Amino acid sequence: MDKNHKKVNNLDEVISLFIIHLSSIRRLSKHTCNAYNRDLKQFNIFCNEKNIFYFQNISTETIRMYTAKLYRSGLSGTSIQRKLSSIRSLFNYLNTSTNISKNFNPCNGIKAPKTNKKLPNTLDVDQIKALLDKSKPSLSNKKYNKIAFRDYAILELFYTAGLRLAELANLNIEDVNFHEKFITVIGKGNKERILPIGNAAIKAINDWLSKRNKLNHDVNKALFITEKGSRLTHRAIQKRLKIIGGKFGLNLHPHMLRHSFASHMLESSGDIRAIQELLGHANLTTTQVYTHLDFQHLASVYDKAHPRAQRK
């Protein structure tokens, strides 16, 4: 039984107990716990509006009504499915980790409405090359400030290693092995993986560190810091990429660079299992979206090159 167990019935208390379980027992990241908490608090508000204050009164019909409300609000099928998954996880916890619920999950058999699957936005190889070449600062040119070197190292790492935003933000200097040319990252579910990085990324990091050390913030172990010495936040990284992308007419964001990394690797190698490991995907089905990107690339080449593919 969960050591945090106590006899509760109120939905508010059950949700709080579950979030504590996710944080202290399953040791999920703060970001993941917050996402669960947001989803379940939103569901709790809906239940209160329906005069449902205890989890024992939640039925399959309750979940159907909630799903319908989310759909009418314009929420995508993927987002609805995530919210259903949060509720399903809550009841699974009640069934397996405590004795405060019967073996019943009101989410069973309910699926989110399907929506058209959108492929991730990517940049082609030429666009990436132009972005990196034109953003690269020079140590010999005094017009570049310290932040330019930091931002360029961030660009290189996102594309070189296909990192998630949280993975990059949480990097520490000690996570970079300059001799063997790899980084150690902690991904979803606190799973560690070791990723190779190229010479360009190594040089970019070294150039940034030569500037970073002059900021006199050596006490902070974070790889990427602000001018005031604090670890760069997720929002700050997103903002910096948006500013850089704006110079090239791009809506640049971390996942665009991650998706570009994955699609370019697949085009070159065709090894989807290796790409799954590099991206840190728990399931191969998550990685398989890039096979659609690869097919689009091949189909585009075929249409342009094959004499029998020309449209009249």
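**Salt bridges, strands and packed helices**

Biologist: With which residue does R164 form a salt bridge?

Modeller: The closest N and O atoms of R164 and its partner are 2.6 Å apart in this predicted model. A salt bridge is a side-chain nitrogen of Lys or Arg within 4 Å of a carboxyl oxygen of Asp or Glu, so the pair qualifies at 2.6 Å. The partner is E167.

Biologist: On what basis are residues numbered and values counted?

Modeller: The model is predicted: local features need pLDDT of at least 70, side-chain atom pairs count only at pLDDT 80 or more, and totals for chains, interfaces and linings use all residues. Residues are numbered from 1 along each chain as its sequence is written, and side-chain values use heavy atoms, with hydrogens and water left out.

Biologist: Is E167 buried or exposed?

Modeller: Buried means under 20% relative accessible area, exposed over 50%, and partly exposed in between (1.4 Å probe, protein chains only). R164 has a relative accessible area of 11% and therefore falls in the buried class. For E167 the relative accessibility is 3%, so E167 is buried.

Biologist: How many residues apart are D133 and K129?

Modeller: D133 and K129 form a salt bridge, with 2.7 Å between the closest N and O atoms. D133 is partly exposed at 44%, whereas K129 is exposed at 51%. Both lie in helix 5 (residues 125–135), about one turn of the helix apart; helices (H or I, at least four residues) and strands (E, at least two) are DSSP runs, numbered from the N terminus. The separation is four residues.

Biologist: How many salt bridges does the structure hold?

Modeller: The pairs above are among them, and a network of salt bridges also links D39, R82 and K83. The number for the structure is 10.

Biologist: Which residue of the turn between strand 2 and strand 3 has a positive phi?

Modeller: Strand 2 (residues 182–186) runs antiparallel to strand 3, joined by five bridges; two strands pair if DSSP finds at least two bridges between them. I186 stands opposite E192 in strand 3. The two strands form a hairpin with five residues between them, and the turn residue with a phi of about 70° is G189.

Biologist: Which side chains of strand 3 point to the buried face?

Modeller: Side chains alternate along strand 3 (residues 192–196).

Biologist: At what angle do the ring planes of F18 and Y36 lie?

Modeller: Rings of Phe, Tyr and Trp (its six-membered ring) pair if their centres lie within 6.5 Å; planes under 30 degrees apart count as stacked, over 60 as edge-to-face and the rest as tilted. The search of the whole structure finds four aromatic pairs. One of these is F18 with Y36, whose ring centres are 5.8 Å apart and which is edge-to-face because its planes lie at 85°.

Biologist: How many residues apart in sequence are the parts tied together by F18 and Y36?

Modeller: F18 is buried at 2%, and Y36 is buried at 15%. F18 lies in helix 1 (residues 11–25) and Y36 in helix 2 (residues 30–49), so the parts tied together are separated in sequence by 18 residues.

Biologist: How do helix 1 and helix 2 run relative to each other?

Modeller: Axes are lines fitted to C-alpha atoms, for helices over the stretch in contact (heavy atoms within 4.5 Å), and angles run from 0 to 180 degrees between N-to-C directions. The two axes come within 10 Å and cross at roughly 170°. Angles under 35 degrees count as roughly parallel, over 145 as roughly antiparallel, 65 to 115 as roughly perpendicular and the rest as oblique. Helix 1 and helix 2 are therefore roughly antiparallel.
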